[in-house]
Amino acid sequence: MRRLIPTGDAARPVAFAEAPQPVPEPGEVLVKVEAFAPNRGETFLLERPRPGLLPGKDVAGLVVQAAADGTGPGVGTRVVGHPASGGWAEYAAVPTHSLAVLPDTVGHVRAAALPLAGITALRLLRTAGSLAGRRVLLTGASGGVGHYVTELAVGSGAELTAVTATPERGRRLAELGARVVHEVAAADGPFDVVLESTGGPALPAALSKTRPGGTLVWFGQASRTPVTLDFFDLLTGPERVTVQHFHYAGAPYGPDLAALVRLVAQGRLHPEIGRTADWTHTADTLVDLRERRIRGKAVLTVDKAGAHDMGPEEHAEEPEGDL
């Protein structure tokens with residue numbers, strides 16, 4: 001079979017290679033991959049790939065071999081999964097505890113856009129607690145996680161302000177009900193909850209917008225710039241603010257994937273897919289994702305498989321440029 005492997009070349013981060021078909025563990029199914037979605041964090045790992053790295057954590061496809069231990073769906077079932085690695089290939093082994101069955105109404109392209117970003121959004125909002133009637137600030141909002149957080153938070157009754165780099169990047173967030181600003185300083189605080197994913201100078205600026213006794217949940221560092229906090233600056237800011245570190249990881253992922261699929265099927269969650277392309281365009285897509293030229297998620301289809309079940313939104317291509 002073919003799979004994509006790291007090259008160590010920033011301009012062409014991956015290349016095709018022939019590889020043996022994976023042999024599933026007893027609690028894994030073998031999935032014929034029809035679509036996968038890279039994440040921006042994965043592009044950073046490809047800059048200095050560790051030996052043996054097989055990228056790919058978000059996949060959708062068809063079960064072609066059931067799990068030997070009897071768990072999970074049978075052969076012929078359409079699924080979305082979140083394996084630890086190896087998803088950018090024609091076949092992937094996926095633990096049965098980290099996949100969900102797809103209904104006919106949810107195509108592979110939309111499904112592939114769900115796992116890491118969608119699970120992160122669900123778990124982040126659980127960490128933040130009930131948001132009904134609360135004021136929320138979200139930084140770095142125009143990526144895959146940000147769109148899911150915005151739609152879910154607004155749907156639960158939050159008054160959400162989203163920070164994006166440009167008006168174009170914030171257009172869809174405004175349609176989802178967010179107030180959009182383009183720098184933290186322009187956000188009209190104070191906020192009960194701040195969801196901060198940018199790092200660098202954005203975190204202390206966002207912290208200053210938190211109400212006394214409020215919470216800042218730090219879930220990323222998209223700027224790749226470390227954070228510096230000045231104790232004396234904090235003395236003049238809000239008191240008793242809780243700063244909480246967050247990372248989404250921790251199997252099983254199946255229940256959260258099933259919840260995301262259900263929300264999509266019900267029309268209550270809409271994956272924001274900025275690009276859909278055949279997987280022969282993966283290298284270029286990874287560069288554009290790394291350089292933030294794609295809004296929301298990018299999805300690659302394996303040998304154009306799954307094109308038959310794409311809805312109109314799944315063919316949408318955002319214009320190139322500084323998105």
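Modeller: Phe232 is exposed, because its relative accessible area is 60%; exposed means over 50%, buried under 20%, and partly exposed in between (1.4 Å probe, protein chains only). This is a predicted model, so local features need pLDDT of at least 70 and side-chain atom pairs pLDDT 80 or more, while totals for chains, interfaces and linings use all residues. Residues are numbered from 1 along each chain as its sequence is written, and side-chain values use heavy atoms, with hydrogens and water left out.

Phe232 sits in helix α7 (residues 231-235). Helices (H or I, at least four residues) and strands (E, at least two) are DSSP runs, numbered from the N terminus.

Now the charged pairs. The whole structure holds 17 salt bridges, each a side-chain nitrogen of Lys or Arg within 4 Å of a carboxyl oxygen of Asp or Glu. Side chains of opposite charge can pair when their charged atoms come close.

Start in helix α5 (residues 167-175), where Glu168 and Arg171 lie 3 residues apart, about one turn of the helix. Their side chains form a salt bridge at 2.9 Å, N to O. Glu168 counts as partly exposed, at 29% relative accessibility. Arg171 is partly exposed too, at 37%.

Arg295 pairs with Glu272 at 3.1 Å, N to O. Arg295 lies in the loop between α9 (282-290) and β15, and Glu272 in the loop between α8 and β14 (273-278), so this pair ties together parts 23 residues apart in sequence. Both Arg295 and Glu272 are buried.

These two pairs belong to one network of salt bridges, linking Glu168, Arg171, Arg172, Glu175, Glu272 and Arg295.

One further pair is Glu291 with Arg290, whose closest N and O atoms are 2.9 Å apart. Glu291 is partly exposed, with a relative accessible area of 40%. Arg290 is buried, at 14%.
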